Amino acid sequence: MHLPKALILAILLPFGLYSTYVVYEVGYVAIFTSHFNVVGMQVLVDLVIACSLAMIWMWRDAAASGRNVWPFLITTLFLGSIGPLSYLLLAPQPHVVAGRAHG
């Protein structure tokens, strides 16, 4: 998956700053314990499913491209979407040959 780096940064930076603010305000553990109700648990389970799928994709993509996926998997486990967004941001640029992307 190749997305423009500017788009990834436009998502990652504000989300990362907001996440940092939330952790500062309530603490890391409170992010999870605040979901201990039926609505919050649905959101938490959905996030776990989405991040698990992203981790599987990163694992397969990294194996195909020879990248080290471990830092991004660990980041995903502890910081959610920041892991896959970082993986995309730090992906090598595709080669452009005669107007077509390769790589």
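**Entry 1: α3 and α5.** I took the angle as about 25° and the distance between the axes as 10 Å, with α5 covering residues 82-89. Axes are lines fitted to C-alpha atoms, for helices over the stretch in contact, and angles run from 0 to 180 degrees between N-to-C directions. I recorded the crossing of α3 past α5 as left-handed (near helix turned anticlockwise from the far one by less than a right angle). On the α3 side I listed A54, W57, M58, D61, A62 and S65, and on the α5 side G83, P84, Y87 and L88; contact means heavy atoms within 4.5 Å. I sorted the residues of this α3 and α5 contact into seven nonpolar, two polar and one charged. Ala, Val, Leu, Ile, Met, Phe, Trp, Tyr, Cys and Pro count as nonpolar, Asp, Glu, Lys and Arg as charged, the others, Gly among them, as polar.

**Entry 2: source.** The model is predicted, so I kept in mind that local features need pLDDT of at least 70 and side-chain atom pairs pLDDT 80 or more, while totals for chains, interfaces and linings use all residues. Residues are numbered from 1 along each chain as its sequence is written, and side-chain values use heavy atoms, without hydrogens and water.

**Entry 3: the chain.** I found five helices and two strands, in the order α-α-α-α-α-β-β from the N terminus. Helices (H or I, at least four residues) and strands (E, at least two) are DSSP runs. The C-alpha trace spans about 55 × 25 × 20 Å along its principal axes.

**Entry 4: α4 and its partners.** I read an angle of about 180° for α3 and α4, with axes 10 Å apart, and therefore wrote them down as roughly antiparallel to each other. C51, M55, M58 and W59 of α3 meet W70, F72, L73, T76 and L77 of α4. The residues of that α3 and α4 contact are eight nonpolar, one polar and no charged.

For α4 and α5 I noted about 150° and 7 Å between the axes. Here F72, T75, T76 and L79 in α4 meet I82, G83, P84, S86 and Y87 in α5. I counted five nonpolar, four polar and no charged residues in the α4 and α5 contact.

**Entry 5: the largest pocket.** I noted its volume as about 600 Å³. I looked up the 25 lining residues, of which I31, F32, L47, L79 and G80 lie nearest the centre. α1 (5-26), α2 (28-33), α3 (38-65) and α4 (70-79) each supply at least two residues of this lining. A pocket is an open set of points on a 1 Å grid over the protein atoms alone where a 1.4 Å probe fits, with protein on both sides within 12 Å along at least five of seven lines; lining residues have an atom within 4 Å of a point. The volume is the space filled by probe spheres set on the points.

Terms used. Parallel < 35°, antiparallel > 145°, perpendicular 65-115°, else oblique.
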